[in-house]
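Let's take a walk through a protein together. Have the sequence and the 3D view open, and we'll stop at a few spots along the way.

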Amino acid sequence: MLGNMMQDQLLISGVLEHAIKTHPQTEIVSHTIEGEVHRYTIEDSSKRAKKLANALKKLEIKEGDVLGTIALNGYRHYELYFGISGIGAVLHTLNPRLFPEQVEYIVNHAEDKYIFVDLPFLPIVENVYENIDVEGIILLCEKSQMPAETKIKNLICYEELIADESDEIDWPEFNENTASSLCYTSGTTGNPKGVLYSHRSTILHAWYACAANAMNISSTSVILPVVPMFHVNAWGIPYAAAMFGSKLVLPGPHTGGEAISKLVQSELVTNLMGVPTVWLDLLNFTRENNITLESVTSVLVGGSAAPRAMIKEFQEKHDAFLLHGWGMTEMSPLGTLNAFNSDMVNMDLEERYDLQTSQGKAIYGCQIKIVDDKGNTLPNDGKTFGRLMVKGPAIIERYYKGEETALENGWFDTGDVSTISKDGYMRIVDRSKDVIKTGGEWISSIDLENTAVGHPGIAEACVVGVLHPKWDERPLMFVVKNNLEECDKDSVLNYLSDKVAKWWLPDDIIFVDELPHGATGKLLKTGLREEYKNHLMN
Ligand code: AMP
């Protein structure tokens with residue numbers, strides 16, 4: 001027997017309408033590309049999103065049409081999130097750090113009709129223009145900023161496009177499983193693959209990710225997402241902020257330690273969100289300038305593992321809890337979070353920091369399990385590790401235009417290797433391709449890297465497995481110094497020696513000026529592994 005309740009559809013336009021009625025005066029603050037601070041309210045923003053939606057209809061954009069964006073975190077991008085999806089079109093966010101061949105492949109694969117571009121990124125489109133088939137490019141700028149010359153035939157000014165449109169609209173009603181946005185994920189091999197989110201998955205994810213036991217977002221939160229709006233919908237924050245009336249502070253291109261520190265202090269930011277490298281820079285700046293980030297209560301860290309030293313410094317210097325999260329593009333992205341919970345209430349701080357290095361418990365909305373190579377479920381004992389599998393309403397079923405399911409017996413294989421404790425704490429051991437297999441045992445490159453960055457002279461560390469005549473593979477460490485303290489091979493080995501097992505110690509340490517990072521800030525290990533594969537064989 002079915003229940004007797006309404007079949008009200010979960011639509012992104014409904015999130016915006018809720019925000020207008022409940023928190024119209026909540027601010028959205030943007031540090032613009034030009035350097036000024038732009039400030040307006042949810043009410044102002046929604047009027048402009050509606051003007052945009054009306055303009056799109058005039059451009060004959062229909063339900064299911066895909067519209068690209070190459071833009072940073074700013075108010076115009078925020079308007080696109082609602083204006084495009086609101087009329088049933090698909091918001092396709094592209095990463096401006098991609099190689100030209102990848103941009104070309106992605107635009108063609110997605111069949112973008114128009115692309116909305118931040119002014120500094122126009123050369124990216126000009127570069128591939130001959131090889132893509134779009135109806136026009138819309139520059140996110142004022143009329144006075146439009147370039148005098150360009151090879152692009154139909155170059156439209158965003159402000160002109162929306163200027164004369166009505167700021168009222170009757171949003172169309174459609175099925176909540178309709179596609180709302182698209183984000184490509186680039187693996188280390190093969191072409192990028194598209195993850196096509198729906199209105200339903202996007203709303204459910206934003207809703208459950210912000211619960212008290214998760215991100216704990218409300219109308220008293222002032223959120224500064226450094227996580228880009230071109231990557232997995234900025235972890236769902238733009239939707240969540242509208243749902244719960246949180247003030248948003250969007251940093252644009254100004255994501256260095258000094259700029260973020262200033263924005264935190266001027267806007268009284270409570271919640272920071274981003275990948276660990278951004279916070280290393282912020283912590284360096286605050287340390288050198290003796291600044292305390294007094295308003296900040298929570299720092300959400302995901303994308304890569306949060307080092308223990310970072311967890312401790314945020315707590316002890318800034319009285320901010322580091323909320324360690326894990327997820328991926330295919331999961332909208334959030335899967336687990338290490339929120340402050342009842343287990344931690346009476347815990348000694350040092351013990352709590354150890355626990356916080358785990359990626360935390362599954363949030364409601366995402367089931368997790370670990371399995372062996374044959375797919376058998378492994379025990380949650382905190383020691384046994386296996387392939388981490390996930391399942392839930394905001395998790396991918398198949399890649400965009402993919403013929404086949406991406407699932408294995410109804411579960412998605414994340415490509416991560418992890419343990420799960422009996423209390424449900426999940427700990428990432430490594431990406432399955434990065435784990436170092438030595439003499440039949442496994443070494444976690446992530447653990448070694450995060451332990452190494454506790455050394456006062458190390459800015460960043462990267463560990464890869466390279467061939468070894470006796471042990472198959474051994475760890476090789478690359479180190480970028482921060483020049484704050486003496487740091488040589490012996491001092492690093494000495495530092496590590498009482499923190500990891502003796503057989504985990506790297507066989508060699510190579511000092512480099514910088515490490516290679518991918519378009520989303522992750523360490524790119526494939527090239528290093530290839531270049532140094534015989535380093536220990538001579
Ligand atoms: P992406 O789809 O680009 O967001 O990357 C997802 C991948 O990032 C995951 O499969 C993990 O390998 C890695 N990742 C995300 N969060 C964490 C974390 N907290 N600790 C370790 N690895 C992480």
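**A walk from the loops to the ligand**

We begin with Asp 319, which counts as exposed because its relative accessibility is 59%, and the cut-off for exposed is over 50%. Keep in mind that you're looking at a predicted model. You'll find Asp 319 in the loop between α12 (308-318) and β14. Its backbone does something to look out for: phi is near 55°, a positive value in a residue other than glycine.

Asn 216 is another non-glycine residue with a positive phi, this time about 60°. Look for Asn 216 in the loop between α7 (199-209) and β10 (222-225). At 48% relative accessibility, Asn 216 counts as partly exposed.

Now go to strand β14, residues 321-327. In the loop between β14 and β15 (334-338) sits Pro 333, and the peptide bond joining Ser 332 to Pro 333 is cis, with omega about 10°.

Strand β14 also takes us to the ligand: with four residues, β14 gives the most to the shell around it. In total, 14 residues surround the ligand, and the closest are Gly 325, Thr 329, Asp 416, Arg 431 and Lys 522. What kinds of residues make up this shell? Three are nonpolar, eight are polar and three are charged.

Zoom in on some atoms. A polar backbone atom of Gly 325 is 2.7 Å from a nitrogen atom of the ligand, and a polar backbone atom of Ala 305 is 3.1 Å from a ligand nitrogen. Asp 416 uses its side chain instead: a polar atom there lies 2.6 Å from an oxygen atom of the ligand. Taken alone, the ligand would expose 500 Å², and the protein buries 91% of that.

Terms used: Residues are numbered from 1 along each chain as its sequence is written. This is a predicted model: local features need pLDDT of at least 70, side-chain atom pairs count only at pLDDT 80 or more; totals for chains, interfaces and linings use all residues. Side-chain values use heavy atoms; hydrogens and water are left out. A residue is near a molecule or strand if one of its heavy atoms lies within 4 Å of it. A polar contact is a pair of N or O atoms within 3.5 Å; within protein, one must be able to donate a hydrogen and the other to accept it, and residues adjacent in sequence count only if both atoms are side-chain atoms. Accessible areas come from the Shrake-Rupley method with a 1.4 Å probe; for residues, only the protein chains shown count as cover. Helices (H or I, at least four residues) and strands (E, at least two) are DSSP runs, numbered from the N terminus. Ala, Val, Leu, Ile, Met, Phe, Trp, Tyr, Cys and Pro count as nonpolar, Asp, Glu, Lys and Arg as charged, and the others, Gly among them, as polar. Buried means under 20% relative accessible area, exposed over 50%, partly exposed in between (1.4 Å probe, protein chains only).
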